[in-house]
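User: I would like to go through a protein model step by step. Please show it first.

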Amino acid sequence: MADPMLAIQTWIYSTLDSALSCEVYDSVPQEAAKPYVVIESYVAIEADSQSTRRDDVLVYLSVWSTVAGQHEILTLMGQIDDALHDKRPTLSSGRAVIVRVRNKRTVRDIDGRTFQGQVVVRCTVEH
């Protein structure tokens, strides 16, 4: 069976694209207007059992906003949580055991007015 990383990316992108009130990118166009969410990176950690090939895939998302304060960032992170947490999606490759939103945090950008939200999603998949 093929590695499920691409299937996870496809599912996360399509789910967030339909659930969020902003654009979702894997590669941000230069002319992109904030707010938006970026699928930043993936890390696969082997979590095999004796009988099953299994990975915990960590997906790192960034949320960007120039609205004063953190309200918009927190709203978008809540939408991400609602869309992804505790799901068992059907993937085109592999079988999703569970998807969980693991960490969320906000940080002020160096420019002093832009905020970034950071979300870590864990997808446990068998393949």
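User: Is cysteine 123 buried or exposed?

Analyst: This is a predicted model, in which local features need pLDDT of at least 70, side-chain atom pairs count only at pLDDT 80 or more, and totals for chains, interfaces and linings use all residues. Residues are numbered from 1 along each chain as its sequence is written, and side-chain values use heavy atoms, with hydrogens and water left out. Buried means under 20% relative accessible area, exposed over 50%, and partly exposed in between (1.4 Å probe, protein chains only). The relative accessibility of cysteine 123 is 3%, so cysteine 123 counts as buried.

User: How many disulfides does the count come to?

Analyst: A disulfide is a covalent bond between the sulfur atoms of two cysteines. The rule asks for a pair of cysteine sulfur atoms within 2.5 Å. The closest cysteine sulfur to that of cysteine 22 is in cysteine 123, 18 Å away, which is too far for a bond. The count is therefore zero disulfides.

User: Which kind of pair do the rings of tyrosine 25 and tyrosine 36 form?

Analyst: Rings of Phe, Tyr and Trp (its six-membered ring) pair if their centres lie within 6.5 Å; planes under 30 degrees apart count as stacked, over 60 as edge-to-face and the rest as tilted. The count comes to one aromatic pair. Its ring centres, in tyrosine 25 and tyrosine 36, are 5.6 Å apart and the planes stand at 80°, so the pair is edge-to-face.

User: Are tyrosine 25 and tyrosine 36 buried or exposed?

Analyst: The cut-off is under 20% relative accessible area for buried and over 50% for exposed. Both tyrosine 25 and tyrosine 36 are buried.
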